Amino acid sequence: MKKLTVCFLSLFSLLFALLLTQGCGINPATGKKEFQFVSDKKEIKMGEQNYPYGQQSSGGLFIHDAELSRYVQSVGQKLAPFSNRPNLPYEFKIVNHSVPNAWAMPGGKIVINRGLLIQLESEAELAAVLGHEITHAALRHGAKSMERAMVITASMVAANIFIQQNNNTLQKQAVLGTAALSAMLLQTKYSRNAELEADKYGMDYMVKAGYDPAGAVQLQALFMKMLDKKSPHWVEGLFASHPPSKERLKQNKAYAKTLPKGFLGKDIFQQKIAKLKKWAPAYQAFDDGLEALHKKKYTKAHELATKAILLFPNEGLFYQLRGAIFFQEKDYPKAIEAFTESIAKNPHYFYPYQQRGYCHKKMRNFKQAKLDLDKSQALFPLEETKLAIESF
Ligand SMILES: [Zn+2]
């Protein structure tokens, strides 16, 4: 009986503390007061802290086309002033991942994957993607999920106090910290209502910025086409967090009819993604090479890595693939050579440092292993890297 009291007391005191710390805020959509545990300031700070980690977990920044990066940023900045929270510190970046995806962290930190960008056909479609993500940030969809998660965590923590006399689990939860939080921020699966709301508000922002709402309809049509094809990349990417549906397409079509037409921007968009299109066969070879590696077809994987490198020698990911194949083949010196090349092409991505660290560890070069693993941790703190460092 005593234990039960402790449990409920802990639960209520935690929830009460959460309620007291922030209390009331303004719902950005309705303008009405509502309970918010996560203040604007906290939300922005959390987004800023986790944005680099989110990028790292999505392949790192795409660094090969500064003009394209500026273009994506500029399209986002055209929309942001018309959002329900125009004063958020919005940022729009491209990450180097083939899976078609886009995400927004609380506070307006947004990315689009290379793999989605290349599927789009016009600036209005890009504006539709970014407008949708802006809405998730502006209407606090991510922050709201966090608040829900905090209530659940508080309950779980309380339950843990009840179940466990010692608090090992609690300590483990605290240790998870950054990586777990940024993963949670990225894995938000939005509700059906949040998705419909993000489409609708996103279209409003688009139209106010001068874009044609047809871009949003074309975007939904593209999603439905990919869904019909059951493209595996799409299932693990965008569709996981922003499930498309016939209902969304239908509602977007109906809403677009009520809005004025505007700028589609097909030519300018095609011009801006010309380099990306030129490099597409190289990335395809890389994706196929990764698949071959997973199937342990090492000769085939090597051929595809070499093909990718010949087509686009500046891309660090391709050397990283070569390194990963050598690592699987237990040829650690050659793997180190390839990871070193990968780092030379892009020193900002954690993965080749982590993998080169593992190679050095296998070769018992502990000093070099620690240097690499520390660098990897500085870029993207992960539990598995931490454990590797601790195991020396
Ligand atoms: Zn969404």
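**View 1. Buried residues of helix α16 in a predicted model.** In α16, the buried residues are G316, L317, F318, Y319, Q320, L321, R322, G323, A324, I325, F326 and F327. That is 12 of the 13 residues, so the helix is mostly covered because a residue counts as buried when 20 or more other C-beta atoms lie within 10 Å of its own. The cover over these buried residues includes α14 (274-294), α15 (298-311), α17 (332-345) and α18 (350-362).

**View 2. The length of α16 and the residue that follows.** Helix α16 runs over residues 316-328. From first C-alpha to last, α16 reaches 19 Å, close to the 18 Å expected at 1.5 Å a residue. Just after α16, K330 takes a positive phi of about 65 degrees.

**View 3. Helix α18 packed against helix α19.** The axes of α18 and α19 (residues 366-379) are 8 Å apart, and the packing angle is about 155 degrees. Angles over 145 degrees count as roughly antiparallel, so α18 is roughly antiparallel to α19. The crossing is left-handed. From α18, F350, Y353, Q354, R356, G357, H360 and K361 take part in the contact. They meet F366, Q368, A369, D372, L373, K375, S376 and L379 of α19. By class, this contact has 6 nonpolar, 5 polar and 4 charged residues.

**View 4. P243 in a loop.** P243 sits between α11 (238-241) and α12 (246-257). Is P243 buried, exposed or partly exposed? P243 is partly exposed, because 15 other C-beta atoms lie within 10 Å. E195 is 48 residues away along the chain, yet the C-alpha atoms of P243 and E195 are separated by 7.8 Å.

Note on methods
Residues are numbered from 1 along each chain as its sequence is written. This is a predicted model: local features need pLDDT of at least 70, side-chain atom pairs count only at pLDDT 80 or more; totals for chains, interfaces and linings use all residues. Helices (H or I, at least four residues) and strands (E, at least two) are DSSP runs, numbered from the N terminus. The expected span of a helix is 1.5 Å times one less than its number of residues. Two residues are in contact if their C-beta atoms, placed from the backbone, lie within 7 Å. Axes are lines fitted to C-alpha atoms, for helices over the stretch in contact, and angles run from 0 to 180 degrees between N-to-C directions. Angles under 35 degrees count as roughly parallel, over 145 as roughly antiparallel, 65 to 115 as roughly perpendicular and the rest as oblique. A crossing is left-handed if the near helix is turned anticlockwise from the far one by less than a right angle, and right-handed if clockwise. Ala, Val, Leu, Ile, Met, Phe, Trp, Tyr, Cys and Pro count as nonpolar, Asp, Glu, Lys and Arg as charged, and the others, Gly among them, as polar.
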